[in-house]
Amino acid sequence: MQKSLENYRQSYGKSELLEENIPSVPLPLFTAWFEEAEAHPEIAEVNAMSLATCGIEGFPKNRIVLLKSFGVNGFSFYTNYNSEKGKEIEENPRVCLSFFWPALERQVIIKGIAIKISEEESAAYFASRPRGSQLGAWASNQSNILGSREELELQLKEVEERYKNREVEKPQYWGGYLVTPRSFEFWQGRNNRLHDRIIYEFIEKDTWERNRLSP
């Protein structure tokens, strides 16, 4: 039996997105929206984002990862380079990041190119992680088939013993990516599904073309 969701409706109208109130370049607007989401009491993990990659087998795939920094140089996150997403980025570095903050009726979609960050930056971030997360990076062969939960827990115990009474070093296969944006799309929910959609597309250094899209 198929479940009908026809009556799942929500009216939007908390804010608006008008050209006269927004900057000519996208990063200041993203920063302002991020900070509003950060301060909102109903939004947990404001830095949670959907990362979409182009699958090697032809299917796109997205998953939730955590944004760890953003600024003029791009948007960064960390992962196992041998994971499914790591292999897909190696094959095709074009990715898409999506943020959805329903309490503000806002969404941001960022298309860009992902490149590995330096070993020094990855090592510095790895050193700042909780010890349990550091050990987990060694224990998990991310995206590989696992026989059982017990197998994973045994691998963790082996890693705990290996690094007993000493610092956990960063695995060579673990590190960060920096996504350089090529476009930003800002979506603000409006009444009657006539939402505001503004897209910024990169032209050249410090120059972006801004347009309004039909909802």
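User: Which residue forms a salt bridge with Glu153, and how far apart are the closest N and O atoms?

Analyst: The general idea is that side chains of opposite charge can pair when their charged atoms come close. Here Glu153 pairs with Arg149, and their closest N and O atoms are 3.3 Å apart. The term salt bridge requires a side-chain nitrogen of Lys or Arg within 4 Å of a carboxyl oxygen of Asp or Glu. This is a predicted model, in which local features need pLDDT of at least 70 and side-chain atom pairs count only at pLDDT 80 or more, while totals for chains, interfaces and linings use all residues. Residues are numbered from 1 along each chain as its sequence is written, and side-chain values use heavy atoms, with hydrogens and water left out.

User: Where do Glu153 and Arg149 lie?

Analyst: An α-helix has 3.6 residues a turn, so residues three or four places apart point the same way. Both Glu153 and Arg149 belong to helix 5 (residues 149–162), and the four residues from one to the other make about one turn of the helix. Helices (H or I, at least four residues) and strands (E, at least two) are DSSP runs, numbered from the N terminus.

User: How many salt bridges are found in the whole structure?

Analyst: The search finds 11. One of them joins Glu19 to Arg212, with 2.8 Å between the closest N and O atoms. Glu19 is in the segment before helix 1 (26–39) and Arg212 is in strand 9, so this pair ties together parts 193 residues apart in sequence. Glu19 is partly exposed at 29%, and Arg212 is partly exposed at 36%.

User: What other salt bridge does Arg212 form?

Analyst: Arg212 also pairs with Asp196, again with the closest N and O atoms 2.8 Å apart. This pair links distant parts of the chain, since Asp196 is in strand 8 and Arg212 in strand 9, 16 residues apart. Asp196 is buried, at 5% relative accessible area. Through shared partners, salt bridges join Glu16, Glu19, Arg190, Asp196 and Arg212 into one network.

User: Which residues of helix 2 are buried?

Analyst: In helix 2 (residues 84–91), the buried residues include Lys85, Gly86, Glu88 and Ile89. Seen down the helix axis, the buried residues fall within an arc of 165 degrees (taken from the directions from the axis to the C-beta atoms), so they line one face of helix 2. Glu90 and Glu91, on the other side, are exposed.

User: What do the buried residues of helix 2 pack against?

Analyst: Contact means heavy atoms within 4.5 Å. By that rule the partners are strand 1 (48–54), strand 2 (60–66), strand 4 (74–80), strand 5 (94–101), strand 6 (106–116) and strand 7.

User: In what sense do strand 1 and strand 2 pair?

Analyst: Two strands pair if DSSP finds at least two bridges between them. Strand 1 and strand 2 have seven, in the antiparallel sense. Ser50, for instance, has Ile64 in strand 2 as its bridge partner. The two strands form a hairpin with five residues between them, and Gly58 in the turn has a positive phi of about 105 degrees.

User: How many disulfides does the structure hold?

Analyst: A disulfide is a covalent bond between the sulfur atoms of two cysteines. The cut-off is a pair of cysteine sulfur atoms within 2.5 Å. The structure holds zero. For Cys54, the nearest cysteine sulfur is that of Cys96, 9.5 Å away, which is too far for a bond. Cys54 is partly exposed at 37%, whereas Cys96 is buried at 18%.

Definitions and conventions: Buried means under 20% relative accessible area, exposed over 50%, partly exposed in between (1.4 Å probe, protein chains only).
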